[in-house]
Structure formats: structure tokens, C-alpha cells
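The sequence and structure come next.

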Amino acid sequence: MIPKSIIIIGTLVAIASLIVAFMKRQPISGKFSSASDNGDDSAYDGDKKYVTCGSAIKLTHKETGYLLNSQSDANWSGRGSGQQVVTLTPVLSSHDSLWLVREAHHGRMDKDICAPSTPVKCSTNIRLTHLSTNKNLHSHKVESQMRGGREVSAFSPRGDGEGDIKDNWIIECERGAKYWERDRPVRLLHSHTLDHLSSDVKNTFNERNCGRNCPIQNHIEVTGVDRDGKSELWLATLGVHFSAS
């Protein structure tokens, strides 16, 4: 039997390799660390508590404890867009919950540049790219399946991580914060619809509303809504974080 520690290390190395391969066109100098790394090698004062560009994060919905998730075998059908499904999953160990923090689509302003290993500033436009499928967290004015908000999907026509301006999200931090911190909740405001990323446990997919062989049974719907309450809070505590060397 392979020791569990070797399996964990191998998994982290594989994830780090995926991130580097995706960002190979950008100059990168730094190191990867898991969220549980307690070393003190940062060039920033306490930057280990920040979410940094180039990191692969797992976004936890604060109210439910579930993770933002997508998977290649499920697309929104019926009145949906046909794009790849985004939901909340209770499975904390899934690689399908890893999202790469990147610069906004066609970001032209200095504040929207997301240089690898630098902390993400509050009020910045970013993209979150799903590592397993190279598609971006996306929203538009299509109605969601159950809740009546806006549909949230994963989008990239060629599957290369490139989409359109509807892939951009603004990081809204707590009052007084300058950077996106891992252990403090934020809201994600869609820059096109001006809706917040949201979820509600009442909108859980099951056999009755999704079918017997539904690949997202027991997942919760994720939508864009025009409010900013407790259901719109997210944490980035988990993941593989890229820190400055």
C-alpha cells in the first residue's frame, strides 16, 4: 500500500504542474504551498494569509460549507444555455473544485493586472478558471434552473481558458480590507450583470428535480442574484496557494 503522505504530496505536485502549464506564457517566480503550510518565506508582510494570482483555490460557500464545483459531464439543458454546469458540492476532496485565479478578460487597467504570486487587491476584476476543464466561471442574463436568478456556468468555447467579458468577477472584501484574505469572507460581483455569486441549500438537486442518473444529485444550485446577504459570502481557505519567493 502506498503511504497516504506520498499520495498527498503527489497530488499537490500534479496540481502545481497543471497551474504552471496553464500559465507558461507568463513570467513566474515563486513557490507553491498548501493552505496548511505554516512556513514564513513570504516577501509580503504576512502574504500567506492572502489569495494570490496564479493560485488554485477552492471557494467555500460560507453558509453551507459546500465547495464551488464544475464537471465536464454536465451541461445546463432545458431552458438553460447548454454551457457547463457550476454547482456546490459537499465533496471536499474533489479536484473538480479547484479554480485558478487569473487576470480579468482583456483587463486594461493597472488594478486588473494579476501578476503571478501577488495578492489580489479588493475591488479588482479577476477570472476564475476551472482547472479540470479550462473553462471560466461565467454568468449572463439566462435564467437559472430553480431559483429564478441568473444562470452561472463554466465557459470557454475552445476549452483553452479564453472566453469573454462575462467571465469577469469583482472581489468585494469586508470593510477596511485592502487584499483578498483567505480566512475572511468576500462577495463576488459579476461585472456584467452586477449580480452576486450565491447559493441556497433549499435549491438542492435530487432525483425528483434532476432525474435518476443526474450527475449533480445532492449538489446545490449556484446563481447570480441582485442582493448581498449571508448567502453571497465565500471563503478561499482551501487550495494550493502560489506565494512570492
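The text below describes a predicted model, starting with its disulfides.

Two disulfides are present in the structure. Their values are set out in the table.

| Disulfide | S to S distance | Torsion about the S-S bond |
|---|---|---|
| Cys 53 and Cys 114 | 1.9 Å | about -100° |
| Cys 122 and Cys 173 | 2.1 Å | -100° |

The bond of Cys 53 and Cys 114 is left-handed. Cys 53 is buried, with a relative accessible area of 2%, and Cys 114 is buried at 7%.

The link of Cys 122 and Cys 173 is left-handed. Cys 122 lies in the loop between S5 and S6, while Cys 173 lies in the loop between S9 and S10, so the pair joins parts that are 51 residues apart in sequence. Cys 122 counts as buried at 16% relative accessibility, whereas Cys 173 is partly exposed at 22%.

The polar side chains follow. Asn 136 belongs to strand S7, residues 135–143, and is buried with a relative accessible area of 0%. Its side chain makes a polar contact of 3.1 Å with the side chain of Asp 167. Asn 136 and Asp 167 are 31 residues apart in sequence, yet their C-alpha atoms are 6.0 Å apart. Beyond its neighbours within four places in sequence, Asn 136 is in contact with residues including Arg 102, Arg 127, Phe 155 and Glu 162.

Gln 84 is in strand S4, residues 84–89, and is buried at 3% relative accessibility. The side chain of Gln 84 makes a polar contact with that of Thr 133, at 3.0 Å.

Terms used:
Residues numbered from 1 in each chain as written. Predicted model: local features only at pLDDT ≥ 70, side-chain atom pairs only at ≥ 80, totals over all residues. Heavy atoms only, no water. Helix = DSSP H or I, 4+ residues; strand = E, 2+ residues; numbered from the N terminus. Buried < 20%, exposed > 50% of the residue type's maximum accessible area, 1.4 Å probe, protein only. Contact = heavy atoms within 4.5 Å. Polar contact = N/O pair within 3.5 Å; in protein donor to acceptor, adjacent residues only side chain to side chain. Disulfide = S-S within 2.5 Å.
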